[in-house]
Amino acid sequence: MEDWIMKILKTLVFAGVAALALAAATPKAHAIDVGVNAGVYIPAGDAKDDYKLGYGIKGHVGFDIFPMFDARVFAGYYQADGDGNNFELSSTNGGVMLVFSPPIPVVKPYVGLGYAVHRTKYGPNGSQDDYGHGVVAEAGVNMSILIAELGLYANYMQNEVGDLDLGGWTAGLNASIGF
């Protein structure tokens, strides 16, 4: 390879190792955190044509597993009414998520990826009752205030029920406290 390419690669490897060492040496403020998210639910997939905006709420307990990584267990609920019809959609769900958050002191971005199972009621007057599952992706930014964090988030929760995807987006506010 070209000499300049090798220099760039060595510099990138060194910078990556230094960043990981710094992150490992930076103690996290809390070993356990408890939080809640609440916001607007926006139906997606097969649900987007039959349902209008609703609301979603999710609580979690997170555990530090590595520097910059938390494992979260969560439970949530989202609900939306039909769009000009008598349809109703609701999901009680729970799952696990791996969250990456770089050690930035005040404003903390994060991304997470996980999996959830759902008990979903949908259709006319919520008459269909079935179980679903799917991937959960979340991103947000929090601001630290003493032992609490407040911020904004958005997540997508897939909900495969038979041949239907009754998942959607939720965006809003989050709050957590660490112990």
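1. Two strands are counted as paired if DSSP finds at least two bridges between them. On that basis β5 and strand β6 (residues 128-145) are paired, running antiparallel with 16 bridges between them. Strands here are DSSP runs of E with at least two residues, helices are runs of H or I with at least four residues, and both are numbered from the N terminus.

2. The model is predicted: local features need pLDDT of at least 70 and side-chain atom pairs count only at pLDDT 80 or more, while totals for chains, interfaces and linings use all residues. Residues are numbered from 1 along each chain as its sequence is written, and side-chain values use heavy atoms, with hydrogens and water left out.

3. The protein has 1 helix and 10 strands. The order from the N terminus is α-β-β-β-β-β-β-β-β-β-β. Of its 179 residues, 37% are buried; buried means under 20% relative accessible area, exposed means over 50%, and partly exposed lies in between (1.4 Å probe, protein chains only).

4. The accessible surface of the protein is about 9,900 Å², and carbon and sulfur atoms hold 71% of that area. Such areas come from the Shrake-Rupley method with a 1.4 Å probe, and for residues only the protein chains shown count as cover. Among contacts in the protein with a separation of 6 or more, 56% are between residues 24 or more positions apart. A contact means heavy atoms within 4.5 Å.

5. Strand β4 (residues 88-100) and strand β5 (residues 107-122) are antiparallel and share 11 bridges. A hairpin of 6 residues links β4 to β5.

6. The hairpin between β5 and β6 has 5 residues between the strands, and glycine 123 in its turn has a positive phi of about 90°. Across this pair, lysine 108 has asparagine 142 of β6 as a bridge partner. Asparagine 142 also has a bridge partner in β7, namely glycine 151.

7. β6 and strand β7 (residues 148-157) pair in the antiparallel sense over 10 bridges. Their hairpin leaves 2 residues between the strands. Leucine 146 lies in this loop between β6 and β7, and its phi is near 55°, a positive value in a residue other than glycine. With a relative accessible area of 84%, leucine 146 is exposed.

8. A second residue with this feature is asparagine 125, whose phi is also near 55° and positive although the residue is not glycine. Asparagine 125 sits in the loop between β5 and β6. Its relative accessibility is 52%, so asparagine 125 counts as exposed. Most residues other than glycine have a negative phi, which is the background for noting these values.

9. Leaving aside neighbours within four places in sequence, histidine 118 is in contact with residues including Tyr78, Ser91, Asp130, His133, Met157 and Gln158.

10. Serine 101 belongs to the loop between β4 and β5. At 17% relative accessibility, serine 101 counts as buried. Which residues does serine 101 touch, not counting those up to four places away in sequence? They are Met68, Lys108, Pro109 and Tyr110. The side chain of serine 101 reaches the backbone oxygen of proline 109 at 3.3 Å. Between serine 101 and valine 111, which are 10 residues apart in sequence, the C-alpha to C-alpha distance is 6.8 Å.

Definitions and conventions: A polar contact is a pair of N or O atoms within 3.5 Å; within protein, one must be able to donate a hydrogen and the other to accept it, and residues adjacent in sequence count only if both atoms are side-chain atoms.
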